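Work through the exercises below with the sequence and the model open. Each task is followed by a solution in steps.

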Amino acid sequence: MKHMGNTPLVYLLIITGCVLAISCISVLLWFLGDASWQFWQAFGLSPLWADEWYPYESLYGLLPAIIGSFWVMIIAMMIAVPCGLSAAIVSSEILPLSWQSWIRMGMEILAGIPSVVYGLIGLWVLLPWLQNIFDLLTGHSLLAAGMILSLMILPTMMVMAQDALRLIPLEQRETAMSLGLNWNQRLCRILLPQAWPGIRSGILLGLGRALGETMAVMLVVGSLDRVPQPIYNILEPAQTLTSRIGREMGEAAFGSMHFSALMACGLVLAATAIFLSLLSQQHRGRLNV
Amino acid sequence: MNTLQKNMCLEVKSASEEAINQDSVLNDVELAHVSLTLSGKHILKNISFALPNRGITSLIGPSGAGKSSLLRCLTLLCDHWQGDISIQGSSIRRWSGGEDHLRRHIGLIAQKPSVFPTSIYENVIFGLSRKERGKDQSICIEASLRMAALWDEVHDRLHTPANNLSIGQQQRLCLARALILKPKVLLLDEPTASLDPRSKQLIEISLHDLAKDMPLLCVTHDLEQAQRLQGQVIFMCDGKIIEKATAKDFFQHPSRIESREFLRWSVCDCG
């Protein structure tokens, strides 16, 4: 604030921005809450752990989709976090500077590709591949959705980790070198701890995207409203909250219970995404990043 | 104080048998025909000198003379140089144990203090390996902080963040962090630039004490400081050594016209 000058105009702009942001979030939550009120009023919180979703029989169990979203998010993060972090370390710490800009450009291009293209790639490349490897019926599975998602969130995570690593001053690296620390020690004791707030923000942003992605997931997840058997079987087709909304919203009559149930799915998603975002900000604040 | 230093020596020496063998031969620092060219520009031109076994050598000269680059060559932070740099006859390029092992024996203090975002305590022991961190490490920490003239100011808040220290205290913390590794040579790159007079004085007192046991090479722009540090003075300009003399001789009877001009105007035009 100090370097911007503490003028009333700056304060006014900041306050206006804050009010606008809070208003937008409030309106969004109010809209979702209002649209799904009919559903919550009729069933309470019990759909959160009910596992049957048959709208025409008034069964609205959200559990299969919640579990599906959870698994897809976990698989995506398990692939994307180590890959993104390793790629960021290699590109910012090992490769020459001229290569870094090329890699960054590649990542930015990857981040800009529409999600439906990833979905189509998954449909034509990943599903047959998984079908052959695991001898599956179709290849549609939580694993396929998680793998496609990991590819989609990888650029965000890598770029954020790369930025966090590059922010560490050269003096810190040279000081560590002058103390006789080898490359591994410098990485583990200087670079990663100092870059961790930025890396964590990248992970949480990726988590948010993994949770909210619809189109690519819808094309490869199989959209089967069933809790995987056993629950850790990621090779089964399943459903996620986003793919359910994307697939069924066109069929639901406006104002119907089905419509309200889909809005409830949206509210659960939005609440989780806001929670993750707040968690990210809280860590940033605590670590003074 | 003496007991502490002895304990510290014992602690560090017991860390590694290999290090002991290396320590026993680490004494002299000798540069022979060292040249450095970066992006087509000759930064160092045929630099040759030896540091005495103990005492302070002040490296002075105008900006861009190559003083800091020379320190970087000595610690292998810059490795594009030609010529030879040896410590007790062993070339630093072929140092047994590699360059990381070599750097543990050469303490480097930069102009701008660079403390790690952790506690004072952790900062001091940062360079120690797990093997070296023993139950007596508190004694080593106290000894090195005392040698850096910082103990009295921080002994009651060792576990507070090092970033909260003043710049002068941070610089002395960097000195303590280097000293806990028991270096055989200490290289200082304008260690008191931008420090307040009190911090400057405390660091100079520490350097005088340290110079009784080890060679110190101190880059400085402060000619009065170079006089106060006494010892040997090396005057560099445009990547070359112009004059090498004792501080007394250099400041009272400089033999080269460039030195006289530098002392008169603190400028140099010897390109």
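**Exercise 1. Helix H6 of chain B and the residue after it**

Task: Find which residue with positive phi follows H6(B), and list the buried residues of this helix.

Solution. Step 1: B:Ala149 follows H6(B) and has a positive phi, near 55 degrees. Helices are DSSP runs of H or I with at least four residues, strands are runs of E with at least two, and both are numbered from the N terminus. The model is predicted: local features need pLDDT of at least 70 and side-chain atom pairs count only at pLDDT 80 or more, while totals for chains, interfaces and linings use all residues. Residues are numbered from 1 along each chain as its sequence is written, and chains are lettered from A and ligands numbered from 1 in the order in which they are written.

Step 1: H6(B) spans residues 137–147, and its buried residues are B:Cys140, B:Ile141, B:Ala143, B:Ser144, B:Leu145, B:Arg146 and B:Met147. A residue is buried if 20 or more other C-beta atoms lie within 10 Å of its own, exposed if 12 or fewer, and partly exposed in between, with C-beta atoms placed from the backbone.

**Exercise 2. The four-stranded sheet of chain B**

Task: Give the strand order of the open sheet of four strands in chain B, and trace the hairpin of E1(B) and E2(B).

Solution. Step 1: The order is E2-E1-E4-E5 (chain B), with antiparallel pairing. The edge strands, each pairing on one side only, are E2 and E5 (90–91) of chain B. Two strands pair if DSSP finds at least two bridges between them.

Step 1: H3(B), residues 67–74, packs on this sheet and touches E1, E2 and E4 of chain B; its direction makes about 65 degrees with that of E2(B). Axes are lines fitted to C-alpha atoms, for helices over the stretch in contact, and angles run from 0 to 180 degrees between N-to-C directions.

Step 2: E1 (residues 29–38) and E2 (residues 41–51) of chain B pair in the antiparallel sense over seven bridges. B:Glu30 stands opposite B:Ala50 in E2(B). Two residues separate the strands of this hairpin, and B:Ser39 in the turn has a positive phi of about 50 degrees.

Step 3: E4 (residues 82–87) and E5 of chain B are antiparallel, over two bridges. B:Ser86 has B:Ser91 in E5(B) as its bridge partner.

**Exercise 3. The six-stranded sheet of chain B**

Task: Identify which strands stand at the edges of the open sheet of six strands in chain B.

Solution. Step 1: The order is E6-E7-E8-E3-E9-E10 (chain B), and the pairing is mixed. E6 (106–109) and E10 (240–246) of chain B each have a single partner strand, so one side of each is left without a neighbour in the sheet.

Step 1: E7 (residues 185–189) and E8 (residues 215–219) of chain B pair in the parallel sense over four bridges. B:Leu187 has B:Leu217 in E8(B) as its bridge partner.

Step 2: H8 (residues 167–179) of chain B packs on the sheet, touching E6 and E7 of chain B, and its direction makes about 170 degrees with that of E6(B).

Definitions and conventions. Two residues are in contact if their C-beta atoms, placed from the backbone, lie within 7 Å.
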